[in-house]
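Have the model open and follow along.

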Amino acid sequence: MEYKWVGSDKNYVDEINILHLRNNLVLGRFGGNSSAGQYKNEDGCFIWIEREWELVILLDAHDSAQSAELVIKSIATKKEEIKTILQLPLKRVFQEITSFFLNHFASKEFLEQCKMIQGETACLIVVRKAHYLWWLSIGDCILALHHPELSRLGEYQQNHRSFYEWIGVNSTFHQEVPSYNQGVKELRKGKTHIFLTTDGLIECPNTDYHRMEAIFQGFDTFSNQESVYYLLKEIKKKNVRDSTTIISWIVHNNKEATMPSDFLKGVR
């Protein structure tokens with residue numbers, strides 16, 4: 001299953017939209033309040049779900065949505081190459097997918113296309129395969145996880161939210177050394193909630209969604225779809241201007257995760 005969207009196609013200003021896709025993956029969109037001055041939406045996403053993995057790309061552009069459109073269009077043309085990589089053995093897949101995206105964004109052809117558009121975009125790419133999560137983060141979109149073993153220790157956000165990093169006219173990949181952060185996370189045994197959002201949610205005034213634990217509270221009581229709707233309804237009520245796009249899904253892992261040696265000896 002594949003789904004693509006850019007805010008220039010449908011902006012969802014004053015409108016909450018919830019789309020329930022395969023694998024219990026929910027896409028939530030709110031274009032911001034026109035009463036607060038909003039009139040456009042420059043977010044975008046690319047969602048690709050297969051039996052053994054999910055690949056999602058979340059984009060938050062500015063000046064125009066053209067940079068988000070370019071990223072989605074360019075990635076869509078590379079689908080067969082990406083699929084081949086994601087079907088590799090687990091030991092190879094994340095190293096290969098990292099090289100693919102870094103080479104793609106730094107390629108002469110892509111950078112020439114960047115010069116022809118207006119604006120730049122933050123870009124967060126996430127792949128879940130088996131009991132591992134990989135990400136490449138350029139800019140300030142957010143990736144967070146909820147699992148009892150992590151939340152007990154206060155761990156939610158996975159990527160480093162970084163400013164002055166984009167893809168587009170002023171691309172970090174135009175520099176001699178591009179700036180980005182990337183990582184791989186072993187998922188804990190049991191249910192893990194994977195949550196991506198653009199910054200409209202966490203920067204909404206008069207809310208505490210800048211704290212990741214506040215975002216996840218409702219999901220303990222309500223369904224994934226209901227909880228995403230509630231988050232967007234709340235920021236709409238608070239008259240947020242900026243658009244918000246959320247991608248949220250649940251992964252179940254039956255494999256034992258890494259534990260400290262003294263725990264395994266029964267010390268604690």
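This is a predicted model: local features need pLDDT of at least 70, side-chain atom pairs count only at pLDDT 80 or more; totals for chains, interfaces and linings use all residues.

Start with the sulfurs: the disulfide count comes to zero. Why does C123 not bond to C141? The closest cysteine sulfur to that of C123 sits in C141, but at 7.7 Å it is too far for a bond, given that a disulfide needs the two sulfurs within 2.5 Å. C141, for its part, is in no disulfide either. C123 is buried, at 1% relative accessibility, and C141 is buried with a relative accessible area of 1%.

Now for the charges, where the count is 18 salt bridges. One of them pairs E2 with K79, at 2.4 Å from N to O. E2 belongs to strand β1 and K79 to helix α2, so this contact ties together parts that are 77 residues apart in sequence. E2 is partly exposed at 30%, and K79 is partly exposed at 23%.

K185 and E155 also meet in a salt bridge, at 2.6 Å from N to O. This pair links distant parts of the chain, with K185 in strand β10 and E155 in the loop between α5 and β9, 30 residues apart. K185 counts as buried at 17%, while E155 is partly exposed at 26%.

For a local pair, go to helix α7, where K237 and E234 are three residues apart, about one helical turn. Their closest N and O atoms are 3.4 Å apart. K237 is exposed at 62%, whereas E234 is buried at 12%.

Finally, look at D140, R161, D199 and E203, which are linked in a network of salt bridges.

Key
Residues are numbered from 1 along each chain as its sequence is written. Side-chain values use heavy atoms; hydrogens and water are left out. Buried means under 20% relative accessible area, exposed over 50%, partly exposed in between (1.4 Å probe, protein chains only). A salt bridge is a side-chain nitrogen of Lys or Arg within 4 Å of a carboxyl oxygen of Asp or Glu. Helices (H or I, at least four residues) and strands (E, at least two) are DSSP runs, numbered from the N terminus.
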